[in-house]
Amino acid sequence: MSAPAIDGTRTVHGTCHHDCPDSCGWHVTVQGDGPTAQAVQLRGNPDHPYSKGDLCPKVNRFLDRVYSPDRVLHPMRRVGAKGEGRFEQITWPEALDEIATRFHGIIAEHGAEAIMPYVSAGNQSLLSIMFGDRFWHHLGASRVVGALCGATAGAGSATTNGTGKGIDPSELAHSKLIILWGTNTRLTNRHLWPVIDGARANGAQVVVIDPLRTITADSADWFLQPLPGTDVALMLAMMHVLIRDQLVDQPWVDAHTVGFADLAAHVAEWTPARAAAVTGLAVDDIERLATLYGTIRPAAIRTLIGAEHHEHGAMFFRTLTCLPALVGAWRDRGGGYARSVGVWSNEVLDHGALTRPDLLAGRTTRALDMVHLGRILTGDPDALADGSPVKAVVMLAVNAMVSVPNTALVRQGLLRDDLFTVVHDQFLTDTARYADIVLPATTQIEATDVVTSWGHLYIGWNEAAIAPQGEAVNNSELHRRLATAMGFTEPALFHDDLTALRDALPTIDLEQLRADGFVRVPYPDDGRPFADGVFPTSSGKVELRCDTLAALGQPALPTYSTPAEAAFAPRFPFALLTPKQHTRFLNSSYSHLPKHGPLEGSPFVELHATDAEALGLAEGQCARVWNDRGSVELPVRLSERVRSGVVAVPWGWWSSQHADGNVANSLTNDTITDWGGGVAFWDTQVAVAPA
Ligand SMILES: Nc1nc2c(c(=O)[nH]1)N[C@H]1C(S)=C(S)[C@@H](COP(=O)(O)OP(=O)(O)OC[C@H]3O[C@@H](n4cnc5c(=O)[nH]c(N)nc54)[C@H](O)[C@@H]3O)O[C@H]1N2
Ligand SMILES: Nc1nc2c(c(=O)[nH]1)N[C@H]1C(S)=C(S)[C@@H](COP(=O)(O)OP(=O)(O)OC[C@H]3O[C@@H](n4cnc5c(=O)[nH]c(N)nc54)[C@H](O)[C@@H]3O)O[C@H]1N2
Ligand code: SF4
Ligand SMILES: [Mo]
């Protein structure tokens with residue numbers, strides 16, 4: 001955990017907290033002790049089995065973030081108008097007293113469900129993300145359900161397989177065909193790329209399927225560029241070819257799936273020609289993809305999150321998970337389907353012991369959809385479950401004004417005079433500017449916690465390397481302070497961090513984890529999670545036809561549908577992508593730091609040359625991109641990365657970095673996905689014209 005060196009420095013083990021699949025191990029070199037200890041270096045831990053000493057262009061400069069002169073280091077009270085960004089420093093007792101007074105007033109008048117916690121994964125360590133649930137349960141606040149990220153991918157996969165589980169992505173080392181479907185590995189999951197490169201050295205072919213020619217697409221053996229949101233049609237045509245050409249592993253299918261005959265009849269009409277018309281791909285390419293998939297073993301499909309951000313996002317994952325069953329890919333080591341491995345880590349986590357739903361004491365509190373923040377805060381009765389307004393929101397580890405869809409609506413909500421807003425963050429983000437009270441948050445090197453990964457099987461220890469800067473507190477301490485201020489006495493609200501971690505990880509030897517820095521969660525030794533062909537569905541088999549889904553009002557068989565947003569195409573003819581794009585950014589973090597934002601330039605809109613010409617737009621000229629939700633002015637970048645009819649605006653820039661103060665999400669669709677509670681960011685139609 002901490003090793004002294006001759007020069008008087010110590011080395012402290014830690015784990016990156018970012019919402020990134022790689023959860024890298026790091027070493028912090030610290031000079032001095034106690035409150036004045038200084039972190040002088042932060043580097044990758046060479047012994048970490050997954051990240052192997054490498055970090056990334058974001059976190060290699062993490063100490064600049066920790067010691068940034070722009071850190072919020074003290075509680076602050078708003079003195080200017082909401083959004084203006086003028087605050088005065090106050091003490092912690094003043095801040096807590098004001099919050100408790102407002103909360104008690106709101107509870108007396110409107111009930112505790114008028115208070116909403118809004119927490120995302122800005123820090124995905126266990127205590128950071130979940131300890132606070134204890135406080136909110138005890139208070140009886142509204143619960144926030146669904147997620148900006150991941151829930152839909154998991155729910156869609158689980159429909160077919162009964163679980164969101166797949167293979168450990170590191171097993172791609174054994175694959176001969178790797179299809180990277182809707183994932184930008186080289187940018188978003190960079191430590192998996194060496195595994196894929198290794199497989200390639202052993203003869204594997206790498207196919208990328210993405211509506212955007214990403215840096216990962218540039219490195220593929222073969223790149224297929226369907227129109228956004230049309231993949232299910234491609235998958236159905238692949239099934240058509242697999243069945244037509246007898247490339248299905250019939251014995252495996254007969255033994256381990258239900259509904260094959262229904263599926264076969266259903267995809268009979270999904271000829272490659274029909275799918276070509278929907279996806280914009282060539283018939284020959286669809287035939288070739290299906291044939292590769294039906295003939296090369298072991299075949300793995302790797303996907304992550306991006307493709308869930310559509311109205312029919314769960315159907316994408318539901319349909320995709322049918323493919324490995326058809327070719328019997330699960331029987332091979334290095335075959336099957338790899339997505340988030342969070343499901344494996346969650347098996348060692350006692351979620352209830354950490355979050356304590358028993359503190360609800362029998363109450364059923366209302367559920368509000370995370371995705372609908374704008375609708376909730378602007379009082380849309382459909383978004384409010386029982387219709388009664390939200391009067392206070394406490395936001396943690398999320399920069400909603402940059403990351404949530406339809407930000408103009410979120411802004412309108414946050415501008416409400418009668419809304420009491422508290423933001424706990426490290427910086428005065430676009431969101432914090434709307435707060436009544438801003439509270440200072442620690443960075444990962446200032447608090448001890450444990451990180452479970454969704455990209456690999458190692459749980460990482462994170463030891464605090466330095467004292468909290470200024471008056472910053474970590475998320476668990478924040479909730480302990482809120483509990484004291486509210487006058488609560490329930491002991492579980494005050495557990496210290498180590499006690500809560502012990503409760504959360506009952507089967508893990510925490511002292512050993514602390515000493516070693518990481519521990520691997522259980523996973524089958526032969527690398528084949530479904531080697532026995534048994535799946536945790538109600539039938540015990542892969543559900544090609546899923547009757548429980550039909551009971552939810554969704555088609556029982558994999559089905560292609562167009563999103564409701566398509567109806568706007570006559571007025572807003574371009575499909576908009578708003579991708580993660582810059583190697584120096586991680587979501588909404590970093591674009592504001594001097595060694596990150598300026599080196600990535602500034603935001604732009606990518607247009608295909610044919611479209612630019614038709615619109616009379618040239619490289620560098622200012623374009624207006626708009627729809628009924630909002631409008632953003634951006635310089636044009638002519639690009640071969642998008643097809644004609646598709647435009648792209650990089651996401652992650654803050655309002656101050658956009659000339660007109662609007663951001664990529666000012667345009668995006670806040671429709672909830674078909675199931676799973678995610679968001680259709682990438683079913684967004686826009687118009688483009690010279691500004
Ligand atoms: N450098 C860096 N790394 C990151 C992040 C970051 O911001 N920067 N963010 C982290 C987070 S929070 C997450 S969730 C992960 C996400 O990791 P990924 O899922 O790999 O990344 P995304 O960029 O969200 O989406 C992947 C791809 O999906 C594509 N896509 C969109 N719609 C469709 C579609 O209809 N069909 C197909 N086939 N593809 C589609 C997009 O064009 C994009 O290239 O990355 C994490 N890692
Ligand atoms: N248009 C578009 N929108 C998207 C996406 C996209 O691809 N395109 N991706 C979506 C996805 S997948 C995701 S996950 C979301 C992510 O969106 P955000 O949640 O906004 O992303 P982050 O930048 O990871 O973290 C948010 C904040 O957490 C703060 N933070 C970090 N550590 C701590 C801590 O310990 N305590 C507290 N209180 N705060 C902390 C950071 O300073 C940062 O301001 O955005 C979504 N929005
Ligand atoms: S952001 Fe991702 S790649 Fe970078 S150090 Fe953290 S876990 Fe590793
Ligand atoms: Mo995410």
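The entries below follow the order in which I looked things up.

**Entry 1: overall build.** I noted at the outset that this is a predicted model. I counted secondary structure for the protein chain and got 25 helices and 28 strands. I then took the radius of gyration, which is 25 Å; the globule rule gives 26 Å for 691 residues, so the chain is as compact as a globular protein of that length. For the extents, I have the C-alpha trace spanning about 70 × 60 × 55 Å along its principal axes.

**Entry 2: cavities.** How many cavities of 30 Å³ or more does the whole structure hold? My search turned up 2.

I went on to the second largest cavity, with a volume of about 30 Å³. Around this cavity I find H13, G14, T15, G25, W26, N45, H48, G517 and F518. Two elements, β2 (9-15) and β3 (25-31), each give two or more residues to that lining. Which element gives the most? I have β2 down for that, with 3 residues. For the second largest cavity I count 7 polar and 2 nonpolar lining residues, and no charged ones.

**Entry 3: a helix pair.** I wrote down a reminder that two packed helices are described by the angle between their axes and the distance between the axes. The pair I looked up is α12 (residues 272-279) and α13 (residues 283-295), which pack at an angle of about 115° with axes 8 Å apart. I recorded the crossing of α12 past α13 as right-handed. On the α12 side the contact uses P272, A273, A275, A276 and T279, and on the α13 side V283, I286 and E287. By class I have 6 nonpolar residues in this contact, with 1 polar and 1 charged.

**Entry 4: backbone.** I checked the backbone with a general point in mind: most residues other than glycine have a negative phi, and most peptide bonds are trans. Is the peptide bond from R297 to P298 cis or trans? I have it as cis, with omega near -15°. P298 sits in the loop between α13 and β13 (299-302). I also flagged K52, a residue other than glycine with a positive phi, near 50°. I placed K52 in the loop between β4 (38-44) and α1 (62-66).

Definitions and conventions. Residues are numbered from 1 along each chain as its sequence is written. Chains are lettered from A and ligands numbered from 1 in the order in which they are written. This is a predicted model: local features need pLDDT of at least 70, side-chain atom pairs count only at pLDDT 80 or more; totals for chains, interfaces and linings use all residues. Side-chain values use heavy atoms; hydrogens and water are left out. Axes are lines fitted to C-alpha atoms, for helices over the stretch in contact, and angles run from 0 to 180 degrees between N-to-C directions. Helices (H or I, at least four residues) and strands (E, at least two) are DSSP runs, numbered from the N terminus. A crossing is left-handed if the near helix is turned anticlockwise from the far one by less than a right angle, and right-handed if clockwise. Contact means heavy atoms within 4.5 Å. Ala, Val, Leu, Ile, Met, Phe, Trp, Tyr, Cys and Pro count as nonpolar, Asp, Glu, Lys and Arg as charged, and the others, Gly among them, as polar. On a 1 Å grid over the protein atoms alone, a cavity is a set of points where a 1.4 Å probe fits but cannot get out, and a pocket is an open set with protein on both sides within 12 Å along at least five of seven lines; lining residues have an atom within 4 Å of a point. Grid points are joined across faces, edges and corners, and a volume is the space filled by probe spheres set on the points. The radius of gyration is taken over C-alpha atoms; the globule rule is 2.2 Å times the number of residues to the power 0.38.
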